[in-house]
Amino acid sequence: MKVMLAVDGSDCSHAAVKEAASIPWPSGSVVKIVSVAEVPMLSAAWVVPMPGGSPAAWDRIIDDRSIANASQAMAQFGEIAGSRTEVTTRVLKGNPKEAILDEADRWGAQLLIVGTHGYSALERFWLGSVSRTITAHSKCSVHIARRRKAEAEIRTGLRILLAVDGSDCGDAALEEVAGRPWPGATEVYILSAIHPPFAPTPEPWALPEGYYSQLEASARGQAESAVERALTRLRVSNAERATPLILTGGAIAGHPEETIIHAARTWDADLVVLGSHGYGGLERFLLGSVSHAVASHAPCSVEIVRTPQQDDGEAS
């Protein structure tokens, strides 16, 4: 598995390194740590004066800092993971959002890991964020690492909330969880949201009595079937594990993004894993985006699984 880990020397970046190093990766995996040397815009140069008034000196400082960030991340990764995973580093130059995505495409990354600074909604609107852009435009799966627990509270195993809906992208998320090695004592809660039908209306053209209850029963049946299929698949994967995953699951009524975020919070999940439908920009604007909403608002880390054919770079 080719895993690319983007770092910038910040606290959230350190959290991403620690999370990536703590996860057991499949045999033969390579983790590539990238750090981007971003030269500030000239219009902002007055805010932080250039050393000695020299752009070349400023360039060297930025380069040296990026090299130091990559070296520090590699050392931190090695301290936690040891030698079980091959690690390489590369320093890039340019706009972090573009440089990271371009390098992921060039290298053929299968998973891109990045920390999140947790900007507020207003800051995200005006400033944008690297993690937000990567979530929206990466062609490969994305893991948003979010710092949330004090050292003493970290469990031996993970608590993974797997969201499924019976679709191909939901199945891709299921296969990702089933095919990956996880720490011992890892728990997986399989959740499928039962999207409520439109409420009945009093208008004379309203649909026949019982129609909405039939819709709800059908939606519940599909959600319960998706959960049961996922449980069956993960039980099969348990046969190949030294320590089986602890499996539970259920179908819950509610809008998918709200249900997933609420469940992650109340169940105290460490990681939410879900698929991406690959909606385009207009569809995301009109319909909203489950994976984008969960990545933005979940209280824990989130992994958005994309299948290889989803090459439009859009998150669902």
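Q: Is C12 buried or exposed?
A: C12 counts as buried, because its relative accessibility is 10% and buried means under 20% relative accessible area (exposed is over 50%, partly exposed is in between, with a 1.4 Å probe and protein chains only). Keep in mind that this is a predicted model, where local features need pLDDT of at least 70 and side-chain atom pairs count only at pLDDT 80 or more, while totals for chains, interfaces and linings use all residues. Residues are numbered from 1 along each chain as its sequence is written, and side-chain values use heavy atoms, with hydrogens and water left out.

Q: And C300, buried or exposed?
A: C300 is buried, with a relative accessible area of 0%.

Q: How many disulfides are there?
A: The count is zero, where a disulfide is a pair of cysteine sulfur atoms within 2.5 Å.

Q: Okay, new topic. Where is R146?
A: R146 sits in the loop between β5 (141-145) and β6 (159-163). Strands here are DSSP runs of E with at least two residues, helices are runs of H or I with at least four, and both are numbered from the N terminus.

Q: Why does R146 count as buried?
A: Because its relative accessibility is 16%.

Q: What does R146 touch?
A: Leaving aside neighbours within four places in sequence, R146 is in contact (heavy atoms within 4.5 Å) with residues including E19, T116, A298 and C300. The side chain of R146 also reaches the backbone oxygen of A298 at 3.0 Å.

Q: How far apart are the C-alpha atoms of R146 and A16?
A: They are separated by 7.2 Å, although R146 and A16 are 130 residues apart along the chain.

Q: How much space lies in the largest cavity?
A: About 40 Å³, with volume taken as the space filled by probe spheres set on the points, which are joined across faces, edges and corners.

Q: Which residues line the largest cavity?
A: Among them are V164, D165, L174, A226 and R229; lining residues have an atom within 4 Å of a point. Helices α6 (168-179) and α7 (211-238) are the elements that give two or more residues to this lining.

Methods: Polar contact = N/O pair within 3.5 Å; in protein donor to acceptor, adjacent residues only side chain to side chain. 1 Å grid on protein atoms, 1.4 Å probe; cavity = no way out; pocket = protein on both sides within 12 Å on 5 of 7 lines; lining within 4 Å.
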